[in-house]
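Reader: I am new to this structure and would like a close look at a single part of it. Please take me through one ligand site and what lies around it.

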Amino acid sequence: MSRKVLVLGEVRDGSLRNVSFEAIAAAKTVAEGGEVVGVLAGEAVSALGAELISYGADRVVVVEDAKLSKYTSDGFSQALLAVIDQEQPEGLVFGHTALGKDLSPRIAAKLSSGLVSDATAVEAAGGNIVFTRPIYSGKAFEKKVVTDGLIFATVRPNNIAPLEKDESRSGEVSSLSVEIKDLRAIIKEVVRKAAEGVDLSEAKVVISGGRGVKSADGFKPLKELADVLGGAVGASRGACDAEYCDYSLQIGQTGKVVTPDLYIACGISGAIQHLAGMSNSKVIVAINKDPEANIFKVADYGIVGDLFEVVPMLTEEFKKLKVHQ
Amino acid sequence: MNIYVLMKRTFDTEEKIALSGGRINEDGAEFIINPYDEYAIEEAIQVRDANCGEVTVISVGNEEAEKQLRTALAMGADKAVLINTEDDVENGDQFTTAKILAEYLKDKEADLILGGNVAIDGGSGQVGPRVAELLRIPYVTTITKLEIDGSDVTVTRDVEGDSEIIETSLPLLVTAQQGLNEPRYPSLPGIMKAKKKPLEELELDDLDLDEDDVEAKTKTIEIYLPPKKEAGKVLSGELSDQVKELVNLLHTEAKVI
Ligand SMILES: Cc1cc2nc3c(=O)[nH]c(=O)nc-3n(C[C@H](O)[C@H](O)[C@H](O)COP(=O)(O)OP(=O)(O)OC[C@H]3O[C@@H](n4cnc5c(N)ncnc54)[C@H](O)[C@@H]3O)c2cc1C
Ligand SMILES: Cc1cc2nc3c(=O)[nH]c(=O)nc-3n(C[C@H](O)[C@H](O)[C@H](O)COP(=O)(O)OP(=O)(O)OC[C@H]3O[C@@H](n4cnc5c(N)ncnc54)[C@H](O)[C@@H]3O)c2cc1C
């Protein structure tokens, strides 16, 4: 059964986020040969339509309004619902990002539809679209199907491979004018705290520090290593509770769940709540001075030693490797 | 001020997950208040103490959730409501839970509703925004600060590490992010008092809902555990050699760099 599926293209700092291309790939599976329509909402975003098409969208609908310059659930839900009303899709895919998490349940409630959040895989099997998603923060997984109505899902960044970019693809980019009415919650100010550069949930490499890092300054060598590898810095709750870093870096059952290609845990003991957030990473490296630390039980490679010695050495070695590449 | 908290009973974070008969095995497991809901309860109590009013904690579940509701009362909430679905609903999802909660809340004239931003078991983060939409009130998710002045509200929202300062007004639904506050432990007098506080138990009938009204829109067809991670290689030798070996392994064996 082929379906028309809408995909929200998420814009951050003027560019499309990778997860939107991953969402297009997921939407292709849901569409089973039907049309995949990209949706953009923002102030001046129509120029990004072509990129959605090069990643597999058949066409793009754009809603532009000054009131959409920053994400608000009131503004974006009005825009999205207008597009949904025009297009009458059978499927809907968003990224499972701060924006997607905030917006998708509201749209689902409005449409009285189901919603499969945080899917890490999607397949067409036995006449159904089957989503895989982590439960218990990755301690288990479930496979889910939609039994009634719209097939609506959000996809976790970094898990579903995007289609190859093909700039020769063409498609229509049309605009829909929507009158954005009152916003009941207004963003007065955005305080940038997140480290410049790579987003933790989308990073291919995560360098994480625990209580063993001992101070806010202790995170510096980790940041240097992350920079060399184009990665992001994360933390255990131990490090956050000790105020070495912001809670937004926390990885684990009550923090972020990450699945990078490479996770390097520095001075982290490996409590079950921490493991829940990172143990599905592709390759795990542990650096800890205690050979008995639990983290070694899930690590692919371990070094028993002082992180303040090991991490700078690693940074130097990786620098050499990068030079040779 | 009329304050409501949405609370889910969940597995203790210390628990390992095991399956039996294709389902999560709950035998002998410890249960707790969903950690994010603890922040919501704490915040509700603080808002009440600063503005007067009453805090009611609501949970949709079975009678086992009474224990966590009593804990919330012991922390300082005034009333608890259990909407017991045990006999009525077999398969539920987030649509189900949100619909039931909204049906209960629709005539309560809540000024402020607080929930967790996500339940650490189901993990969807849907219930809060769904309830707000069904009640047609604004919501702000993943908040780390809440300031109320009359009916004006200023909230700080965590957005992937950045903070947004948002102005909005009551009635409002917010969902708690870590860092919002330090949830208190129930005190001994608190625990004694909690025994006498009202804990109302309702069923779907009491909300004029049929099983059909809340029928799930999604279905779980399989649950499985991830492949067990085997302990790998702990390197040995001179530290500088270990570092070289590690870089080499990541490059040539694991091929992640
Ligand atoms: C409800 C609940 C939710 C939780 N959620 C989370 C969560 O989401 N994420 C999370 O991480 N935790 C969470 N926790 C906390 C968790 O139980 C642990 O307390 C926490 O993960 C410990 O952090 P840590 O490993 O940094 O600290 P510790 O356990 O103190 O470990 C520090 C490690 O550093 C090593 N070390 C010290 N100095 C050095 C050095 N110089 N070089 C190398 N190694 C060194 C030590 O050997 C030790 O292994 C939660 C707990 C509860 C109760
Ligand atoms: C009658 C019924 C039958 C169910 N049957 C099944 C089933 O067969 N299979 C299955 O996998 N799951 C079942 N569930 C569980 C359901 O799918 C979800 O676990 C639940 O709706 C919450 O979703 P979540 O865990 O993603 O929470 P989230 O949306 O992540 O929770 C966010 C916040 O919403 C609030 N909240 C969430 N749940 C509740 C609650 N129950 N009461 C009060 N506040 C809450 C809390 O503040 C929480 O922090 C059933 C639930 C009900 C009510």
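To begin with, which residue has a polar side-chain atom that lies 2.8 Å from an oxygen atom of ligand 1?

Author: The residue is Gln273(A): a polar atom of its side chain lies 2.8 Å from an oxygen atom of ligand 1. Please keep in mind that this is a predicted model. Two further polar contacts of ligand 1 involve the backbone. A polar backbone atom of Gly267(A) is 3.0 Å from an oxygen atom of the ligand, and a backbone N or O atom of Lys289(A) lies 3.2 Å from a nitrogen atom of ligand 1. On its own, ligand 1 exposes 990 Å², of which the protein buries 79%.

The shell around the ligand comes next. It holds 27 residues, and those that come nearest are Arg211(A), Ser236(A), Thr254(A), Ser269(A) and Asn288(A). By class, 16 residues of this shell are polar, six are charged and five are nonpolar. Three helices of chain A, namely α6 (237-241), α7 (272-278) and α8, each supply at least two residues of the shell. The site is shared between chains, because residues from both chain A and chain B surround ligand 1.

One of these helices leads on to a sheet. Helix α8, residues 307-324 of chain A, lies across β16, β17 and β18 (301-304) of chain A and runs at about 135° to β17(A). Those strands belong to an open sheet of six strands with parallel pairing, in the order β15(A)-β14(A)-β16(A)-β17(A)-β18(A)-β15(B). The edge strands, each pairing on one side only, are β15 (232-235) of chain A and β15 (233-234) of chain B.

Within the sheet, β16 (residues 262-266) and β17 (residues 283-288) of chain A run parallel and are joined by five bridges. Here Ile264(A) stands opposite Val285(A) in β17(A). Asn288(A), at the end of the range given for β17(A), is one of the residues that come nearest to ligand 1. Another helix of chain A, α5 (residues 220-229), lies across β14 (205-209), β15 and β16 of that chain, and its direction is at about 175° to β14(A).

To return to the ligand, the picture is of a site with residues from chains A and B around it, with polar contacts that include the side chain of Gln273(A) and the backbone of Gly267(A).

Key
Residues are numbered from 1 along each chain as its sequence is written. Chains are lettered from A and ligands numbered from 1 in the order in which they are written. This is a predicted model: local features need pLDDT of at least 70, side-chain atom pairs count only at pLDDT 80 or more; totals for chains, interfaces and linings use all residues. Side-chain values use heavy atoms; hydrogens and water are left out. Two strands pair if DSSP finds at least two bridges between them. Helices (H or I, at least four residues) and strands (E, at least two) are DSSP runs, numbered from the N terminus. Contact means heavy atoms within 4.5 Å. Axes are lines fitted to C-alpha atoms, for helices over the stretch in contact, and angles run from 0 to 180 degrees between N-to-C directions. A residue is near a molecule or strand if one of its heavy atoms lies within 4 Å of it. A polar contact is a pair of N or O atoms within 3.5 Å; within protein, one must be able to donate a hydrogen and the other to accept it, and residues adjacent in sequence count only if both atoms are side-chain atoms. Accessible areas come from the Shrake-Rupley method with a 1.4 Å probe; for residues, only the protein chains shown count as cover. Ala, Val, Leu, Ile, Met, Phe, Trp, Tyr, Cys and Pro count as nonpolar, Asp, Glu, Lys and Arg as charged, and the others, Gly among them, as polar.
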